[in-house]
Amino acid sequence: FPVTIRRGELDFYLPEYKLAIEFNGLYYHSDEIVDPKLHEDKQKACEDKGIRLLMINEDEWIERKDIIQNKVLILCGKGRRGVGARKLTVAKCSASLAMDFCQQHHLQGAPSGVIAAYAAYRDENIVAVITLSRQRKTNHLELSRYCTDGKLYAGVFTKLLKVIRKEHDEEIVSFADLRYSDGDLYRRAGFLEVDRVRRDYRYFKRKKTFHKSNFTKKRIEKQFGICMDGLTEREAMKSLGYARIYDCGKLKFVLR
């Protein structure tokens, strides 16, 4: 049922689980309609009240409904449980294999720029993966994805990290998207929370969102044949029928 908090209302609130769920229709939650700070403010208001907020965009529900439903069950303590990490074998795997697994099981789909990947196996079946990438601007090693086949495997994240540490002894950074993560998995594994990254945006058109990096000025010129002289990125995208939808920020973690 709707619950009034600082700005606007929550679509669903489950008080027994201290869990709120927001469904963001792309158009009605775009910066054409709402303040870009709305989602960030709502997440912080929930956090201040001890409420976990799960914020789902329309295209995610269309494309990854099963993953979202499973996420809700997990947050309510009703997720499916797999075997413990001791019964799993951990080894390096191919980037393509890990990316296919993430595409099937991670809310964000497959990552890009994977330089190494590690999997946990139950017999011959992959049940969890971690992928590593290099950040483009800093060249820092980033844990870009972690996901399981939908079940909870106690200790598997830590077991995967131990194998990774044998091959990579440098700092590892990662980010928790506050729309659906509070970063607790990282904290329990020994990561340090070092920053809170402000809200960011994706572009969307119709029922599909796109990462903003796809639409730099040079890429807009090349992809759409538009002369960008005197135009901002936002002006050009708006003329092409794209709008922005903002998230509620991220938490940055470091494993030293």
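Select R244 and E233 to begin: both residues are buried, where buried means under 20% relative accessible area, exposed over 50%, and partly exposed in between (1.4 Å probe, protein chains only). R244 forms a salt bridge with E233, and their closest N and O atoms are 3.5 Å apart. A salt bridge here is a side-chain nitrogen of Lys or Arg within 4 Å of a carboxyl oxygen of Asp or Glu. R244 belongs to strand β12 (residues 243-246) and E233 to helix α8 (residues 233-239), so the pair ties together parts that are 11 residues apart in sequence. Helices (H or I, at least four residues) and strands (E, at least two) are DSSP runs, numbered from the N terminus.

The model on display is predicted: local features need pLDDT of at least 70, side-chain atom pairs count only at pLDDT 80 or more, and totals for chains, interfaces and linings use all residues. Residues are numbered from 1 along each chain as its sequence is written, and side-chain values use heavy atoms, with hydrogens and water left out.

**Further salt bridges**

How many salt bridges does a search of the whole structure find? The search finds 18. Side chains of opposite charge can pair when their charged atoms come close.

Select K42 and E22 next. These two residues form a salt bridge, with the closest N and O atoms 2.8 Å apart. K42 is in helix α1 (residues 38-48) and E22 in strand β2 (residues 19-24), so the pair ties together parts that are 20 residues apart in sequence. K42 counts as buried at 5% relative accessibility, and E22 is buried with a relative accessible area of 2%.

Then select E58 and K207, a salt bridge in which the closest N and O atoms are 2.5 Å apart. E58 lies in helix α2 (residues 58-63), while K207 lies in the loop between β10 (201-205) and β11 (208-211), so the pair ties together parts that are 149 residues apart in sequence. E58 is buried, its relative accessible area being 13%.

**Strand β2 and its partners**

Return to E22 and select the strand around it, β2. Five of the six residues of β2 are buried, so this strand is largely enclosed by the rest of the structure. Two strands pair if DSSP finds at least two bridges between them. Strand β1 (residues 12-14) pairs with β2 in the antiparallel sense over three bridges, and F12 has I21 in β2 as its bridge partner. The two strands form a hairpin with four residues between them, and K18 in the turn has a positive phi of about 50°.

**The seven-stranded sheet**

Now select the strands of an open sheet. In which order do its seven strands stand? The order is β4-β5-β6-β7-β8-β13-β9, and the pairing is mixed. The edges are β4 (89-93) and β9 (192-197), each with a single partner strand, so one side of each is left without a neighbour in the sheet. From one strand to the next, the twist averages 30°; axes are lines fitted to C-alpha atoms, for helices over the stretch in contact, and angles run from 0 to 180 degrees between N-to-C directions.

Within this sheet, select β6 (residues 125-134) and β7 (residues 141-148), which run antiparallel and are joined by seven bridges. A128 has T148 in β7 as its bridge partner.

**Two cysteines**

Select C102 and C147. Their sulfur atoms are 3.9 Å apart, too far for a bond, given that a disulfide is a pair of cysteine sulfur atoms within 2.5 Å. The count by this rule comes to zero disulfides. C102 counts as buried at 0% relative accessibility, and C147 is buried with a relative accessible area of 5%.

**Helix α5**

Finally, select helix α5 (residues 156-167). Its 12 residues reach 18 Å from the first C-alpha to the last, close to the 16 Å expected at 1.5 Å a residue; the expected span is 1.5 Å times one less than the number of residues.

Which residues of α5 are buried? They are V156, F157, L160, L161 and I164. These residues cover an arc of only 135° around the axis, which puts them on the same side of α5; the arc is that of the directions from the helix axis to the C-beta atoms. On the other side of α5, K162 and K166 are exposed.

End at F157, which counts as buried at 4% relative accessibility. F157 and Y186 are 29 residues apart in sequence and 9.1 Å apart in space, C-alpha to C-alpha.
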